[in-house]
Amino acid sequence: MTDDAQRFYHNHFSDQRQLINQADVLISKLLQADERQIVHILGRGGSGKTNLCVAIADEETARDRPAIFIPAVRLIGDQPLTEQLLRLLDIHQHYTFTDLLDTLNALGRIYQLRVPIIIDGLNEAVTAAGRFNVRLKLDMPQLEHDIRSRTYLTLVTTCRATYREAIWPAATSSAYFAEDFGFNSYDDQKALVKKYFEQYRLQGDLSFVSLRQFGHPLYLKLFCETMRLPHGAVHQVTLGHDSIYQVFQQYIARSDRQAYDRLISWGSAPLSQNRKLVSGTLKQVAAYLWQHRARVMPFDALLDFDGLNVAPDFN
């Protein structure tokens, strides 16, 4: 994996262990020779698609087996998709994408399994201007063809369901699409919540009504981060009273306190403006995206935000 992918991968490591059982099922289907080679996982935002992909990559690398993991947010150029993938993987310019696939296919033959090539979050592939990258629509058919022509490779992508027509406008069959991905049944939600509560040392009544709010794994993660107590103490929580917006507000308030305490521990003066550093910065980010009608923001713009006081040698 590239350095960017490695950081992205480890940022999700603790979460992805919650999905390892579901990953095992998908791995067993994808990496066997009698199953499909191309799977596009479609679902809502925050439904666990990224954590599932990280779980797949983790399972394979933990067993000393090859796997490729690429966050699609890095696919921002207008060059052919294959060129961008080679650059992200730091493949020497004298080698072609065909060389890469042939090498991975040979590894798969040695291990007698399919090597997963995972591209996560296709909907996050945007250009510098903040527009969706049309290279996915143009180049995905050829990429799928190249994978299918090699027995020991499999392609796994994730994407929000609303982007399906933008990437695969001619796709009329659902044979290669795992749609409506997520934890939609009561049993799935209960198992997921129990694992998260055990991890965060939370206790609560996991009735059917209280679990309905946790059909969205991202909300579950924010809830647990907000409610956990320091030093690993057990916290009895009451479910169903707070809306998702109230939990977001509590999470941001907690982040404000943590950022302020950290600045104090680093020797900063107890300035009042630092008490709302996180929430103030988020408001400026939101204002920038709204005013520029953009989905991404240059890092240089962040350096100009009020209150950050970023040192010139921040690197």
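Tyrosine 163 is buried in this predicted model, at 19% relative accessibility. Buried means under 20% relative accessible area, exposed over 50%, and partly exposed in between, with a 1.4 Å probe and protein chains only. The model is predicted, so local features need pLDDT of at least 70 and side-chain atom pairs count only at pLDDT 80 or more, while totals for chains, interfaces and linings use all residues. Residues are numbered from 1 along each chain as its sequence is written, and side-chain values use heavy atoms, with hydrogens and water left out.

The structure holds five aromatic pairs. Rings of Phe, Tyr and Trp (its six-membered ring) pair if their centres lie within 6.5 Å; planes under 30 degrees apart count as stacked, over 60 as edge-to-face and the rest as tilted. Phenylalanine 132 and tyrosine 163 form a tilted pair, because their ring centres are 5.4 Å apart and their planes stand at 55°. Phenylalanine 132 lies in the loop between β3 and α7, and tyrosine 163 in the loop between β4 (153-160) and α8 (164-167), so the pair ties together parts that are 31 residues apart in sequence. The rings of tyrosine 196 and tyrosine 200 are stacked, because their centres are 6.3 Å apart and their planes at 5°. Both of these tyrosines lie in helix α9, four residues apart, about one turn of the helix. Tyrosine 196 and tyrosine 200 are both buried. One aromatic cluster is formed by Phe197, Tyr219 and Phe223.

A charge also meets a ring. The charged end of arginine 164 sits over the ring of phenylalanine 177, 3.8 Å from its centre. The criterion is NZ of Lys or CZ of Arg within 6 Å of the ring centre and within 35 degrees of the ring normal.

The protein chain has 14 helices and seven strands. Helices (H or I, at least four residues) and strands (E, at least two) are DSSP runs, numbered from the N terminus. Of the 315 residues in the protein chain, 43% are buried. Contact means heavy atoms within 4.5 Å. Among contacts in the protein chain with a separation of 6 or more, 71% join residues 24 or more positions apart. The accessible surface of the protein chain comes to about 17,900 Å², and 51% of this belongs to carbon and sulfur atoms. Accessible areas come from the Shrake-Rupley method with a 1.4 Å probe; for residues, only the protein chains shown count as cover.

In soluble globular proteins, nonpolar side chains tend to be buried together. The largest nonpolar core here has 32 residues, and Leu75, Leu122 and Leu136 have the most contacts inside it. Two or more residues of this core come from each of β1 (38-43), β2, α5, α6, β3, α7 and β4. A nonpolar core is a set of buried Ala, Val, Leu, Ile, Met, Phe, Trp, Tyr and Cys residues joined through side-chain atoms within 4.5 Å. Leaving aside neighbours within four places in sequence, leucine 122 is in contact with residues including Phe132, Leu136, Thr157 and Trp168.

In α5, Leu81, Gln84, Leu85, Leu86 and Leu88 are buried. Their cover includes β2 (68-71), α6, β3 (115-120) and α7 (135-148). Just after α5, aspartate 90 takes a positive phi of about 60°. Aspartate 90 is in the loop between α5 (81-88) and α6 (97-111), and is exposed, with a relative accessible area of 68%. Arginine 201 also is not a glycine and has a positive phi, near 60°. Arginine 201 lies in the loop between α9 (186-200) and β6 (202-203). This arginine is partly exposed, at 43% relative accessible area.

Two buried polar residues complete the picture. Threonine 157, in strand β4, is buried at 0% relative accessibility. The side chain of threonine 157 makes a polar contact with that of histidine 40 (2.6 Å). A polar contact is a pair of N or O atoms within 3.5 Å; within protein, one must be able to donate a hydrogen and the other to accept it, and residues adjacent in sequence count only if both atoms are side-chain atoms. Glutamate 225, in helix α11 (residues 217-227), is buried, with a relative accessible area of 16%. The side chain of glutamate 225 makes a polar contact with that of arginine 228 (3.2 Å).
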